[in-house]
Amino acid sequence: MPNDTHPFAQAENLRKEGRYPQAAQIFATLWQQQPDPRVGWRLAFCQRKQGRLDQAEAVARKALELAPGDPYIQSELGWVLYERYIKPARETGDLGRALYGARQILDLNPQGLLLKLVSQAMMKVGKDRGQWAVVEEWSARLDPADLDKEAREINGKKTMSEREVWYVQRARALLELGRYQEALETAQAGLQDFPDEFFLQRIAAQARAELGGLGEGITQFRRLLNHPRADWYVFADLAILEARAGQQDEAYRHFCTALLSTNQGVEYKLGYLMALADLAVKLNQPEVAALHVALVKAVRIEKGWKVSPEDLEAEQRVRQALAQQGSTWPDLPQDSKGLEARCRQIWKEGQTRGLTFYTGTLKEAPGQRKYTYIQPDGGGEEVFVLVRDLPRECQTKGCRVRYALEKTFDRKKNREAWRAVHVSRPKET
């Protein structure tokens with residue numbers, strides 16, 4: 001072994017102290033004098049720490065040629081490739097670059113932390129790009145038992161733990177790939193660790209519906225409507241299942257509720273817009289269908305996206321439905337903003353399609369609770385109502401209200417129930 005005065009030992013001490021530029025200078029001199037694998041991986045290490053990734057990769061590859069299979073060199077080259085290709089690709093969503101780096105790292109038989117970080121990065125990029133086969137492939141390389149179960153904190157905000165992210169992304173990938181039984185089993189396994197995980201419940205409900213349990217899936221989605229994390233897409237997913245089950249009025253209402261949400265722009269809802277267009281054709285409302293098809297096309301064109309064959313097929317179905325009524329394509333705005341404004345009026349009206357309205361009295365003011373009850377005028381069982389569905393002017397005890405009923409799920413009684421929706425003050429007569 002070289003003594004402390006030997007250049008190699010000096011450089012190694014500097015490296016261990018984190019003085020990478022000084023260490024790299026000595027290692028580079030030694031490497032030029034006599035390429036040695038021990039020097040090579042250390043030089044590559046120091047270059048990586050300085051961000052000189054192209055030089056580090058070249059040195060590490062040369063060192064590996066000199067000592068094929070050396071675990072230290074393989075590990076260092078793997079980290080260089082991770083820094084050079086995977087990290088930036090994760091930030092930019094560059095799937096091609098991520099795959100290029102990941103395949104090379106796999107050839108080095110990565111272990112431990114490196115394999116975990118590469119796999120997690122590939123899962124993220126795959127999810128962001130909607131490439132679910134990539135998510136499935138890389139999630140399969142990890143064991144959830146090896147991932148941290150505790151929630152992480154980023155910028156003072158708690159986020160999902162590594163294990164929770166793994167379960168959600170893998171279950172979603174299996175669902176998107178049509179592997180419904182595996183998706184259900186993965187979601188159920190994840191719910192053992194995270195019983196209230198919203199996305200796992202959503203995936204489980206979708207998988208059950210696809211496996212023949214359409215009614216069970218609908219019931220589970222109605223239950224999810226009361227979840228604190230429920231958003232517009234829960235209403236949209238429920239509408240899809242209700243339409244399949246022939247519950248057309250319910251589906252129409254839930255589509256309209258989902259599309260009215262401003263939490264995300266209309267460009268994120270194109271598939272649901274087309275689903276509502278198909279439903280409108282079945283409900284003998286081809287003009288409504290035409291408006292939604294036109295909105296989808298306008299958004300795609302304005303975004304520079306291709307109009308899909310499915311969109312063109314849907315347009316043809318609408319034209320045929322119009323022709324059967326002796327009508328032609330309606331005169332519509334050409335821009336997405338004008339079309340969306342017309343659609344929003346339809347959605348507002350559609351939220352109450354087929355509903356019967358009742359009157360009653362608010363039994364208790366909400367206080368700190370998220371729900372309260374309405375006593376119907378005609379007597380009978382009190383009606384559950386969420387505070388978020390109560391206008392501010394309807395939140396005092398004894399307040400007279402007008403409301404409709406919608407199916408929901410009673411967690412305490414573990415059964416379907418009813419809740420009040422579209423609550424307002426009754427008009428004075």
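Are α6 and α8 roughly parallel or roughly antiparallel to each other?

Author: Happy to walk through it with you. This is a predicted model, in which local features need pLDDT of at least 70 and side-chain atom pairs count only at pLDDT 80 or more, while totals for chains, interfaces and linings use all residues. Residues are numbered from 1 along each chain as its sequence is written, and side-chain values use heavy atoms, with hydrogens and water left out.

The two helices you ask about are α6, residues 95-106, and α8, residues 132-139. Helices here are DSSP runs of H or I with at least four residues, strands are runs of E with at least two, and both are numbered from the N terminus. The axes of α6 and α8 come within 13 Å and cross at roughly 25°; these axes are lines fitted to C-alpha atoms over the stretch in contact, with angles from 0 to 180 degrees between N-to-C directions. The two helices are therefore roughly parallel to each other (under 35 degrees counts as roughly parallel, over 145 as roughly antiparallel, 65 to 115 as roughly perpendicular, and the rest as oblique). On the α6 side, L95, A102, R103 and L106 make the contact, and they meet V134, E137 and W138 of α8; contact means heavy atoms within 4.5 Å.

From α16, the contact residues include V288, L291 and L295, and from α18 they include L339, C343 and W347.

C343 leads us to the cysteines. C343 is buried, with a relative accessible area of 0%, and C256 is buried at 0% as well (buried is under 20% relative accessible area, exposed over 50%, partly exposed in between, with a 1.4 Å probe and protein chains only). The sulfur of C256 has its closest cysteine sulfur in C343, at 9.6 Å, which is too far for a bond. Across the whole structure, a search finds 0 disulfides, a disulfide being a pair of cysteine sulfur atoms within 2.5 Å.

N284 has a positive phi of about 60° although it is not a glycine, and it counts as exposed at 55% relative accessibility. H422 has a positive phi too, near 50°. H422 sits in strand β7, residues 415-424, and counts as partly exposed at 27%.

On to other strands: β3 (residues 357-362) pairs with β6 (residues 400-410) in the antiparallel sense over 5 bridges, and two strands pair if DSSP finds at least two bridges between them. Here F357 stands opposite A404 in β6. Strand β3 is also joined to β4 (residues 371-376) by 3 bridges, again antiparallel, with I374 of β4 as the bridge partner of L362.

Lastly, K116 belongs to helix α7, residues 112-128. K116 is buried, at 18%, and beyond its neighbours within four places in sequence it touches L142, L147 and E162.
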